[in-house]
Amino acid sequence: MQFQFPLQKALQTNQNGINVISASNSRRNCYLDEVIDRMGEASAIAQQLKQIITTASKFYGSDQRIYLKADGKDCLGLLKVGKKNLFYRDYSGSIKELQPLCVLDFYVHESVQRMGVGKELFEEMLKSEQIKPEKLAYDRPSQKLIGFLNKHYNLNQYVPQNNNFVIFNQYFGQGTQPIVQGRSQKYSRNSQIDQLDIMVQQISQNKMNQQQQPQQKLGYQMSPPWAIDNNTNIYNNINTQRTNVYKIN
């Protein structure tokens, strides 16, 4: 995104053209406000959000940090992080209170996407925050961000939450192992597929006289035992076991 002024007026970038703005320590100025507001607006449009989540007025006074990638008069990307108090329900239904560092907004301008800008910005954030990607929580991540994390960091399994934050299984040191009744168990992929085939046959036989429901598309989510089936209003234990082995290829 191009501005009418050189971004060094608003930013003090490092040798890679990346600047870290701390809401509590950075001096506010009109140039920086314009950069944050316009990049935040562009991010909301790109993610089809109902409202803008990154603005200068919301940012200052918080404990958040914004990472900006600049080149001359162009701002190429924005990444915002901050801590949040979250209630996390695990696969067995137990609730934990966490305070992870969260990725709250992540946007790379369309003109420079798929050119390594996002990876460079993300790596700079990891280095500065001294954290690993699996130890972050992600606020309403887009499909592009989910794909990015899977491609570069092999993060692809998580239990969906009502608050729409994504915390990957590796956050708890569980790796890619499925969670069954609160324990981690190791299965070979072939063994899982064999068990899944048997389960599918049993389900088909039991539901021959029932109206067939649309089959859920394979995805990256793990439906927990406490998930509610909106159509039948019962606990969806069987679907949980089926989705337990789903993983992004």
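The following legends describe an overview and several close-up views of a predicted model.

**Conventions.** In this predicted model, local features require pLDDT of at least 70 and side-chain atom pairs count only at pLDDT 80 or more, whereas totals for chains, interfaces and linings use all residues. Residues are numbered from 1 along each chain as its sequence is written, and side-chain values use heavy atoms, with hydrogens and water left out.

**Figure 1. Overview of the chain, with six helices and 10 strands.** Helices (H or I, at least four residues) and strands (E, at least two) are DSSP runs, numbered from the N terminus. Of the 249 residues, 44% are buried, where buried means under 20% relative accessible area, exposed over 50%, and partly exposed in between (1.4 Å probe, protein chains only). The chain exposes about 14900 Å², of which carbon and sulfur atoms supply 44%; areas come from the Shrake-Rupley method with a 1.4 Å probe, and for residues only the protein chains shown count as cover. Among contacts (heavy atoms within 4.5 Å) with a separation of 6 or more, 62% join residues 24 or more positions apart.

Figure 2. A salt bridge places a side-chain nitrogen of Lys or Arg within 4 Å of a carboxyl oxygen of Asp or Glu; the structure holds five. Arg65 and Glu129 pair at 2.6 Å, N to O. Arg65 is partly exposed at 22% relative accessibility, while Glu129 is buried at 18%. Glu120 and Lys69 form another salt bridge, at 3.2 Å, N to O. Glu120 is partly exposed at 29%, and Lys69 is buried at 10%.

**Figure 3. The salt bridge of Arg28 and Asp33.** The two side chains meet at 2.9 Å, N to O. Arg28 is partly exposed, with 46% relative accessibility, whereas Asp33 is buried, with a relative accessible area of 15%.

Figure 4. The 13 residues of α3 reach 18 Å from first to last C-alpha, close to the expected 18 Å, a span defined as 1.5 Å times one less than the number of residues. Buried residues of α3 include Val117, Leu121, Phe122, Met125 and Leu126. Just after the helix, Gln130 takes a positive phi of about 55°.

**Figure 5. Leu149 in helix α4.** Leu149 is buried, with a relative accessible area of 0%. Leaving aside neighbours within four places in sequence, Leu149 contacts Phe122, Tyr138, Asn154, Leu155 and Phe168. The C-alpha atoms of Leu149 and Pro133, 16 residues apart along the chain, are separated by 8.2 Å.

**Figure 6. The second largest pocket, with a volume of about 760 Å³.** The lining comprises 29 residues, of which Val108, Gln113, Lys144, Leu145 and Phe148 lie nearest the centre of the pocket. Elements giving two or more residues to this lining are β6, α3, β7 and α4. On a 1 Å grid over the protein atoms alone, a pocket is an open set of points where a 1.4 Å probe fits, with protein on both sides within 12 Å along at least five of seven lines; lining residues have an atom within 4 Å of a point. Grid points are joined across faces, edges and corners, and the volume is the space filled by probe spheres set on the points.
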